[in-house]
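Student: Hi! I'm new to this one. Could you walk me through it?
Tutor: Happy to. Let's look at it together.

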Amino acid sequence: MRQLTALDAQFLSVESSTTAAHVAGMAILDPSSAPSGTVTRQCLIGLLRERIHLAPPLRMRLAGLPFGLDRPYWIDDPDFDLDDHVHESALPAPGDDRQLAAHVAEIHARRLDRGRPLWELHLIHGLSGGRVAVYTKVHHCAIDGVSGSEILVSLLDPSPEPRLVEAPPEVTPVAEPGLLPMLAGAFARSITQPVETLRSIVRAAADLDTIPVVAALPGARLMAELTRRIAGDDRPLPELPPPAAPRTPFNGPISAERSFSYGSIPMSEVKTVARSFGMSANDVVMTLCSSALRRWLSAHDALPDRPLIAAVPVAVRTARGGEAIGNQISAMIAPLATHVACPKERLATVRSTMATAKRRFAMSRRTWLTDVCAMFPAAFSALATPALFRLAGMTGTGVNLIVSNVPGPRAPLYMCGARMLSYHPMSVVTDVTGGISVTCMSYDGRLDFGVVACPALVPDVWSIMGHLREAMDELLALAGEQEEPRTAETAETPEMPEMPGTPKTAKPAETSPEAAVPGQAPPVREKIPA
């Protein structure tokens, strides 16, 4: 019997009539390689039935006390039925990208049923060119970006022929805890909560100058330095600008509706820019986001003179996603160079500020997100979080947006024999983190983007994808100017460096992600998109 952590429970508490806290992704498939030439709902149910043991979050549901008196527990659902989780629909002709995006956005806006395991899969027919789409969402209290990606690849194969999967081991189902044990646990935690709160405050105090909202308060930096010295840590830390998010049109109270756009950029283009300017592929991603958002804000006559502030999820996971349920993440707060007009200076600013942010993150405790969630009793968080988030959205505190980059498989993968052409991840928007999130994942030679927004704040979400493409063209032009003329003997394209990945430990050093191994789901790690 496993109880949700304070961070996991916070993802439940944040949900309201306007906020859904699940992570998702949309895979576009070419069914021409499938044995039957198509992908059916029954085929997907059969695939899930065979491999569900590889993904514990998909077969467990929540059990808890009324009024959120304590954090819920994960238990095996005795009434679990795949038919309740796998859905099917079809687009009307012509089935273009905007129709698909609107359909997926409507599904993405709906919250999951907490009386069942917290996930859904939607098979969508009617796409142009005979393609199909598979949209999957799982609640953020059950998975983070890394474990979600590993669950995805556990359902995929390296060829149209399904790989052999070992039979599930015999396990004893996790039974629902009785009311009295749960009440006893809640009572015990209420007694120890003041001690836990004090510990969390002490742990978080050393990083007060990097925590959104708090860092903008007078004396936050001085308090952080004093706490570190008392703890015996006198290392000189890289100094970051205060993470004070400027007000933008996409920051404020969000509505319950969602909009979605998606697209892809060749990884070869990203690597060309990275090689030309001696930077990581993740620096390029952050530069793309800076340039695209600057264009959008300029077009809406709302460009602030200060950099936007992005929350960047970072994995601190030590176990593979299939072996654990819940979140093992932190967040790095990073400025975007939206205030820099010159494209070349903007790129240099991103490279410099991200290098500083990563060095600071590597030297910090990296637990501030969990510590903040653990400061408050479960009942208080469950009842107060939606109101506090709404208030933060109205007053303009928090961050401007979430930017997340997940390295994925480098070889093509297949689902039910159909080749996965692209995979577009989708994240969360909240009153605190802004009405837009930009997520991308590398897959099979491309960088696949998914942009989720609140249409009341960002009415033209497809323009963001257009600006990302324009930003990439701008960087390629700069890279062309940077390249020295080469002779015929050296004109062949050199081997590109692989996209850096984050190791499983918390240290954000950059190493290459492991390649996809035939017959084995390749590990996918959440990345600091520097």
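Student: What do the ends of helix 8 (residues 281-299) say about its span?
Tutor: In this predicted model, its end C-alpha atoms are 27 Å apart, which agrees with the 27 Å that 19 residues should span at 1.5 Å a residue. The expected span is 1.5 Å times one less than the number of residues, and helices (H or I, at least four residues) and strands (E, at least two) are DSSP runs, numbered from the N terminus.

Student: Is helix 8 enclosed or open?
Tutor: Largely enclosed by the rest of the structure, because 16 of its 19 residues are buried. Buried means under 20% relative accessible area, exposed over 50%, partly exposed in between (1.4 Å probe, protein chains only).

Student: New topic: how many salt bridges are there?
Tutor: The count comes to 21, taking a side-chain nitrogen of Lys or Arg within 4 Å of a carboxyl oxygen of Asp or Glu. One of them joins E15 and R114 at 2.8 Å, N to O. E15 lies in the loop between helix 1 and strand 2, and R114 in the loop between helix 3 and strand 6, so the pair ties together parts 99 residues apart in sequence.

Student: Are those two buried or exposed?
Tutor: E15 is buried at 7% relative accessible area, while R114 is partly exposed at 38%.

Student: How are the values and numbering set up?
Tutor: Residues are numbered from 1 along each chain as its sequence is written, and side-chain values use heavy atoms, leaving out hydrogens and water. Local features need pLDDT of at least 70, side-chain atom pairs count only at pLDDT 80 or more, and totals for chains, interfaces and linings use all residues.
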